[in-house]
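Please look over the sequence and the structure shown here before reading on. The briefing is meant to be read with both in view.

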Amino acid sequence: MNKTHNHPGRLIAVEGLDGSGKSTQVYLLKRWMEMQGLKVFFTEWNSSVLVKEATRKGKKRQLLTPTTFSLVHATDFADRHERQILPLMRAGYIVLADRYMYTAFARDIVRGCDPRWVRNLYSFAVVPDIAFFFDTPLAVSLDRILSGRPSLKYFEAGMDLNLADNEYDSFKIFQGRIYAEYKKMVEPEGFMVMEGMLPVEKQQAMVRKYVEQKIDLPSFRWRGRQ
Amino acid sequence: MKATPRSIKHHFGTLLPGCKLAELKGKLIVLEGADGSGRSTQIDMLKDWLENLGYGTVNVGLKRSTLVAEELEAAQQGNILSHTTRSLFYATDFADQLENTIIPALRAGFVVLADRYIYTLMARDTVRGANPAWVKSLYSIALVPDAVFYLRVSPQVLVERNFRKNATLSYWESGMDTGMSRDMFESFMKYQRHIQAEFRRMQAEYGFTIINGNRKPRAIHAELRAKVQEVLSQSS
């Protein structure tokens, strides 16, 4: 299984439910690092150009089963891992990942995939130096998502699990189960839990402070540049 | 009324969500072998023979899924896939056919003829340096076939047949991406030998039947037919 890495780079992952505020926090962290002149790279879940078409088609035409859903996301991840994350870690970058393998662990297990099988899929992945978990009460993250966006997509709402007959109720049950999976991982995976109800700038100050303690940031400055 | 006993299907360690093994009444017959080993010819002949006997048949093979076949082909043309990504892409293609073609066909009592199965995929990954335990777990969702036939053809004969068919060697079947040699002919010979060695190792582990593929199609078909007949006569 995954071991602690020996690369000169550092990897920071952010995890949490949709609407937990993690993307805002990782964006602000990236801005802060860039303004300090650090070598930083940002990567997002489900964004590989290579696999995008297959994922899009599968989702649109509802062709995906729990197993193929899991595999297309693992393929997407592997592509980004092999072509971006790993080379950048070896080149001494700070890599920021908006969602990482834990997202797959939570979602795929909720969808009924064998936990051992899912974990093995990702056993090639570099283990993050820091994994933040933005812990927002379920009701709050649901409200943030459901008030801002009227229509939920089929898989996003977990409609494939037959939890409820409408997207809205299904999403609530699905997110609740994912939240429970995340909570189970906090200790074994060593998540740094962030209080997601605090004001954005308060959370960001805590994130920055924690990162500073864990990572020798000045050593990641661009060389040969003022 | 007495229930008819029949062989129950197994998986390689991981049960697919929602799959009920006891419902799978059909037979899964796998043909493995390199390009030019005569697999497709033999599959066609078996299909004709089985349909003539009144069996329903379904064909599956690599890169034939609705979900990712086109995308996989496109990605391979661009030669931009790293090893793990390619493994997972093929695994996705396999899983899609497993769940949407193989399992429904077996449930309906068909004979599924697989033109290659997980063994080729595992051999390719292992030869390219993938962790064997990782590959095994990845494909642990597969169903154990009722029979696996490996058409073994010497690399020399394979080269001849490939040239007769295409006048060129395939980039992938020559394992050019592995960097074994910049020379395509040399790479083909080396790569195919590695794959064959991997199949010999797997034969010991999975116990599939090796068929001498250096013979005429008719002779091979006669042998396969006899062996498939045995599988079909097992209580079903």
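Predicted model: local features only at pLDDT ≥ 70, side-chain atom pairs only at ≥ 80, totals over all residues.

**Where the chains meet**
- Across the interface, 26 residues of chain A are in contact with 25 residues of chain B.
- On the side of chain A that touches chain B, the elements giving two or more residues are helix 2 (49-60), helix 3 (66-90) and helix 5 (115-121) of chain A, and the largest share, eleven residues, comes from helix 3 of chain A.
- Sorted by class, that side of chain A has twelve nonpolar, eight polar and six charged residues.

**The largest nonpolar core**
- The largest nonpolar core has 117 residues, of which I102(B), V112(B), A114(B) and Y139(B) touch the most other members.
- Helix 3 (residues 83-107) of chain B gives the largest share of this core, eleven residues.
- Leaving aside residues up to four places away in sequence, V112(B) touches several residues, including L28(B), V58(B), I102(B) and L106(B).

**Two packed helices in chain A**
- The axes of helix 4 (residues 101-110) of chain A and helix 7 (residues 167-185) of chain A come within 9 Å and cross at roughly 130°, and the two helices are therefore oblique to each other.
- The crossing of helix 4 of chain A past helix 7 of chain A is right-handed.
- Among the residues making the contact are F105(A) and I109(A) of helix 4 of chain A, together with F174(A) and I178(A) of helix 7 of chain A.
- By class, this contact between helix 4 and helix 7 of chain A has nine nonpolar, no polar and three charged residues.

Key: Residues numbered from 1 in each chain as written. Chains lettered and ligands numbered in written order. Contact = placed C-beta atoms within 7 Å. Helix = DSSP H or I, 4+ residues; strand = E, 2+ residues; numbered from the N terminus. Nonpolar A, V, L, I, M, F, W, Y, C, P; charged D, E, K, R; others polar. Core = buried A, V, L, I, M, F, W, Y, C linked by C-beta atoms within 7 Å. Buried ≥ 20, exposed ≤ 12 C-beta atoms within 10 Å, placed from the backbone. Axes fitted to C-alpha atoms, helices over the stretch in contact; angles between N-to-C directions. Parallel < 35°, antiparallel > 145°, perpendicular 65-115°, else oblique. Left-handed = near helix turned anticlockwise from the far one by under 90°.
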